[in-house]
Amino acid sequence: MPKNLRGWFKPSLGTLFARYFLATMLVELLIIIGFGFLVTKLYENSDKAGKVQFMNGTVTLIREQLQKQPPQRWDAELAAIASRFSYPIRLADRLPDEDEAAARPLLRQGKPYLDIDKQLLYVAMPSDKRLLVLGPLDMQSSDSNWISEDIEVLLIWMLLSGATFGTLLYFSLQPLWKDLLEVRRTAEVFAEGDFSARARSAKSRLFAPLPLAFNSMASRLERQLETRQALSHAIAHEIRTPIARLRFGLTMLEEEEDPAEWQRYRDGMERDMLELEELISTSMEFAKLKRSEVPLHLEEVDLFDWFDDLIDLVTPLKPADLTLSLDCPREGGAFDRKLMYIATRNLLLNAFKYAHSQVRMTVYHQGAQLIIEVDDDGCGIPAEDRDKVFEPFLRLDRSRDRATGGHGLGLSFVRLIAEHHNGQASAGPSDLGGARFRMIIAQPAPETI
């Protein structure tokens with residue numbers, strides 16, 4: 001397995017489940033603690049007032065009971081009263097320093113003061129400077145467990161909610177994990193060289209787009225690899241002919257003594273070198289265009305003027321006995337001038353090779369599309385070969401030599417340039433009796449040019 005794939009999804013489903021479960025339970029615990037703290041702060045004052053009000057009756061009864069006795073007997077009386085309560089009751093000479101500022105105003109008014117943190121209730125005695133102190137009011141019994149009731153409830157809640165959530169989480173993660181494993185398995189097979197490998201459709205809705213995206217990527221990569229492989233094989237095949245002629249020319253140069261023949265062989269070798277250079281340059285441009293590495297520069301042009309100039313440029317390249325005509329309206333259109341020149345020139349040069357006496361170029365708009373058609377009165381193209389003519393380095397007419405047939409990339413450029421303009425190229429029969437090549441070019445909105 002490639003090193004860059006070995007680390008994919010290394011944890012098992014159990015490890016993944018444990019991570020998500022523990023993280024979720026931790027978050028739940030923090031939420032509960034935070035919520036409890038917030039509720040405590042929000043209801044602290046009302047809880048304090050409620051507890052003071054709840055203790056008013058008890059405080060009144062204790063005070064009345066003490067007032068029936070002289071102050072020197074209050075300690076003994078309090079000891080007898082405290083035995084009947086679950087919390088301590090005593091007399092204190094003064095307030096703690098930390099409660100002095102908050103408690104003193106209430107005590108002067110005859111109201112009790114509750115220290116909510118320590119759960120101590122301070123009550124002023126009418127005829128004595130000492131204070132009646134009740135509490136801690138929430139004191140637990142000595143036989144209670146070391147775990148408080150609140151913590152027990154929290155633990156039970158965490159246990160029940162954790163079990164419920166864990167079960168749901170596990171069965172929710174299982175189909176997602178299987179989908180991820182399927183994509184990983186397919187990616188590993190694809191990386192090992194099986195470019196036809198495709199992932200099965202995902203069973204979970206969450207990951208349903210993942211295998212679709214992977215399969216789409218794999219299909220594009222497979223097509224690109226096939227195209228590059230076919231192109232490299234075709235280039236290698238095309239290079240063999242000029243190399244063979246160069247080897248033959250070198251042999252003849254060594255043996256030839258006639259200066260005229262020697263020069264002829266040398267000129268032939270020079271042409272072969274130019275052919276090799278042109279083949280390599282053209283193949284590189286074709287590969288760049290195939291990979292969409294050539295930027296598209298759209299320009300608004302006057303169609304008649306532009307195509308009329310094109311006719312003037314290619315007229316010296318046509319046979320003298322051919323008639324070349326143009327049917328183009330005086331309208332505006334948009335395309336990349338450089339790429340369109342290559343495509344339309346290739347269409348016309350291809351028509352010149354096969355036409356008997358007439359070639360016609362027609363340009364017109366059809367909705368938001370620009371249509372360019374080149375017709376000839378040649379032998380035409382069989383229906384089964386009309387799509388093949390756009391394949392690189394393909395020559396349907398094997399009888400033509402290299403000088404006439406070129407490298408077989410002309411019509412391939414036409415299709416690529418049309419697709420680069422969000423259009424298409426096709427071949428079909430012509431009303432002139434030969435072939436009709438059509439380019440469809442999408443026209444952009446005026447504000448985008």
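Which side chains meet in a salt bridge at 3.8 Å, N to O? The side chains of R360 and D375 do. The legends below describe a predicted model, in which local features need pLDDT of at least 70, side-chain atom pairs count only at pLDDT 80 or more, and totals for chains, interfaces and linings use all residues. Residues are numbered from 1 along each chain as its sequence is written, and side-chain values use heavy atoms, with hydrogens and water left out.

**View 1. Salt bridge between R360 and D375.** A salt bridge here is a side-chain nitrogen of Lys or Arg within 4 Å of a carboxyl oxygen of Asp or Glu. R360 belongs to strand β8 (residues 358–366) and D375 to strand β9 (residues 369–376), so the pair ties together parts that are 15 residues apart in sequence. Helices (H or I, at least four residues) and strands (E, at least two) are DSSP runs, numbered from the N terminus. D375 is buried, at 0% relative accessible area; buried means under 20%, exposed over 50%, and partly exposed in between (1.4 Å probe, protein chains only). A network of salt bridges links R360, E373, D375, D431, R436 and R438.

**View 2. Salt bridge between E299 and R337.** The N to O distance is 3.1 Å. Because E299 lies in strand β5 (residues 299–302) and R337 in helix α10 (residues 337–354), the pair ties together parts that are 38 residues apart in sequence. E299 is partly exposed at 34%, and R337 is partly exposed at 35%.

**View 3. Salt bridge between R264 and E261.** The side chains meet at 2.8 Å, N to O. Both residues lie in helix α8 (residues 259–290), three residues apart, about one turn of the helix. R264 is partly exposed at 47%, as is E261 at 26%.
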